[in-house]
Amino acid sequence: MSEIKPQFRRIDGLSVRYAESEGPRDRVALLLSPFPVSLYAYDATWSRLAEHAHLVAVDLPGFGHSELREDLLSPTAMSEFIVRLADEFELAKPHVVGPDIGTSAVLFAAAHHPDRFRSAVVGSGGASVPVQLGSPVNDWVHAEELAPYRALGPKDIVTIALDKMQGYQLPQIVREDYLAPYVGQRIVDQMAYLRAFPVELPLLRELLPGIETPVQIIAGRRDHVVPVANAEYLHEHLPNSTLDVLDVGHYTWEEGADDYARIVTDWWRAN
């Protein structure tokens, strides 16, 4: 049974799903859902992270079980919503953890709101210029036509993505939660976020050297979806960053849960 207890709240007119850990803490952390999963991505690390901070985990709009709105499906737009989330939950200066799609959005937020977050943890997300992505994400980003994907069952696409997980058996409650929101054209609609990378990542490149927020980057050495070159690129261009590369695939937060939790909590203590 998972310790994560999801709830819903209306934020900026959207139904947003979130979960909080019990008990007040001097340290607070905002955890953002990766793609194509949900806030249950933190199920494998939740208890260990909760020992060190009060956690607020959120399914970003359009992802997990939160309501989708087209105008938020880009890293720059999502970055402003992340700041809105911190305000909504009255998190004065939280650590923010945003792997995968959260990577670029968190960095845009740190660039545009330099005093809003105490630190950031990112990684496993597209960041480099030129864009360096593996299959199937690269295909989604550059496809001229999305009709072939619309013809596929949405759960089939997600199942293929989850089957790339290495060395970690998803608990049934987590797998069911990951698959549940995928009905209709939801996953194809989500692709708009990824398809914004060729335009938005060059904008981020110009901002990286000016980001003062301390950034911990965690990547998987065997990540064939978002190659480790993206993490190395960030480490090279960010002035205040640390890079840890785990011997796992794309889903570092689950495949390397023990190391992931240790790195994140050590990072929080140091910052």
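The model is predicted: local features need pLDDT of at least 70, side-chain atom pairs count only at pLDDT 80 or more, and totals for chains, interfaces and linings use all residues. Residues are numbered from 1 along each chain as its sequence is written, and side-chain values use heavy atoms, with hydrogens and water left out.

Start with the whole chain in cartoon view. It has 12 helices and 8 strands, which are DSSP runs numbered from the N terminus (helices: H or I, at least four residues; strands: E, at least two). The C-alpha atoms fill a box of roughly 50 × 40 × 40 Å along the principal axes.

Now select residues 229-237, which form helix 10. Which residues of helix 10 are buried? They are Asn230, Ala231, Tyr233 and Leu234. Look down the axis of helix 10: its buried residues fall within an arc of 155°, so they line one face of the helix. The arc is that of the directions from the helix axis to the C-beta atoms. An α-helix has 3.6 residues a turn, so residues three or four places apart point the same way.

Notes:
Buried < 20%, exposed > 50% of the residue type's maximum accessible area, 1.4 Å probe, protein only.
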